[in-house]
Amino acid sequence: MRFREGAGRMCLDYLRTLRHGTMEELPDAAAVAAWVEQFGPLDSVPVPSEGGYVEEARRLRESIRALIDSARQGIGSPASARQAVNAAAALPPPSPALAADGRVVWHAGDPIGATLSLIARDALDLTSSPLLARVRQCAGADCGALFVDTSRPGVRRWCSMNTCGNRAKKEAMKTRHVD
Ligand SMILES: [Zn+2]
């Protein structure tokens, strides 16, 4: 797996391609195509020769973050962010078809645009869903990743126990040793 999974929603996993808010994991069309192949329903996603949605993909990501941040704070979202997410959501999504072997196979004339549409639709759905109250920001030092807390008590603090949670535990142990 090239990109991290496990935020609990496609749009939140997508936000994590801007790692720690600064490290760009979508530097070029090949990376965008790879993300779309890993997270979308399409079997294979060729790297487009021209442009390849790199600008659009990043703008969509920043706009989704703005939308979710505003929704979590209960304030109105910036018009530019809303427009960018709406525009992506308006792109035709992939369509399913039943194959002879019983598998459902997904098709799209424009695989990357179609998957950006799915990401945008997922974000619109999440911002207007009761699940929004379960979206948390990771407490890990300079992580800031958003995830859906599906734990029953609803007190999950880290995006992942393997990374941020573990680091926090080690830090706490170190502090205890000093005392
Ligand atoms: Zn984290």
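In this predicted model, helix 2 (residues 29-39) and helix 5 (residues 111-127) cross at roughly 60°, and their axes come within 10 Å. Helix 3 (residues 54-73) packs with helix 4 (residues 79-89) at an angle of about 120°. Strand 3 (residues 95-98) and strand 4 (residues 104-107) run antiparallel.

**Helix 2 and helix 5**

- Two packed helices are described by the angle between their axes and by the distance between the axes.
- Angles of 65 to 115 degrees count as roughly perpendicular and those under 35 degrees as roughly parallel; helix 2 and helix 5 are therefore oblique to each other.
- Their crossing, that of helix 2 and helix 5, is left-handed.
- On the helix 2 side, Val 32, Ala 33, Trp 35 and Val 36 meet Pro 111, Ile 112, Thr 115 and Ile 119 of helix 5.
- Seven residues of this contact between helix 2 and helix 5 are nonpolar, one is polar and none is charged.

**Helix 3 and helix 4**

- The axes of helix 3 and helix 4 are 8 Å apart, and the angle is about 120°.
- That angle makes helix 3 oblique to helix 4.
- The crossing of helix 3 and helix 4 is left-handed.
- Helix 3 contributes Leu 60, Ser 63, Ile 64, Ala 66 and Leu 67 to the contact, and helix 4 contributes Ala 81, Arg 82, Ala 84, Val 85 and Ala 88.
- The contact of helix 3 with helix 4 has eight nonpolar residues, one polar and one charged.

**Strand 3 and strand 4**

- Four bridges join strand 3 to strand 4.
- Leu 98 has Val 104 in strand 4 as its bridge partner.
- Five residues lie between the strands of this hairpin of strand 3 and strand 4, where Gly 102 takes a positive phi near 90°.

Conventions: Residues are numbered from 1 along each chain as its sequence is written. This is a predicted model: local features need pLDDT of at least 70, side-chain atom pairs count only at pLDDT 80 or more; totals for chains, interfaces and linings use all residues. Side-chain values use heavy atoms; hydrogens and water are left out. Axes are lines fitted to C-alpha atoms, for helices over the stretch in contact, and angles run from 0 to 180 degrees between N-to-C directions. Helices (H or I, at least four residues) and strands (E, at least two) are DSSP runs, numbered from the N terminus. Angles under 35 degrees count as roughly parallel, over 145 as roughly antiparallel, 65 to 115 as roughly perpendicular and the rest as oblique. A crossing is left-handed if the near helix is turned anticlockwise from the far one by less than a right angle, and right-handed if clockwise. Contact means heavy atoms within 4.5 Å. Ala, Val, Leu, Ile, Met, Phe, Trp, Tyr, Cys and Pro count as nonpolar, Asp, Glu, Lys and Arg as charged, and the others, Gly among them, as polar. Two strands pair if DSSP finds at least two bridges between them.
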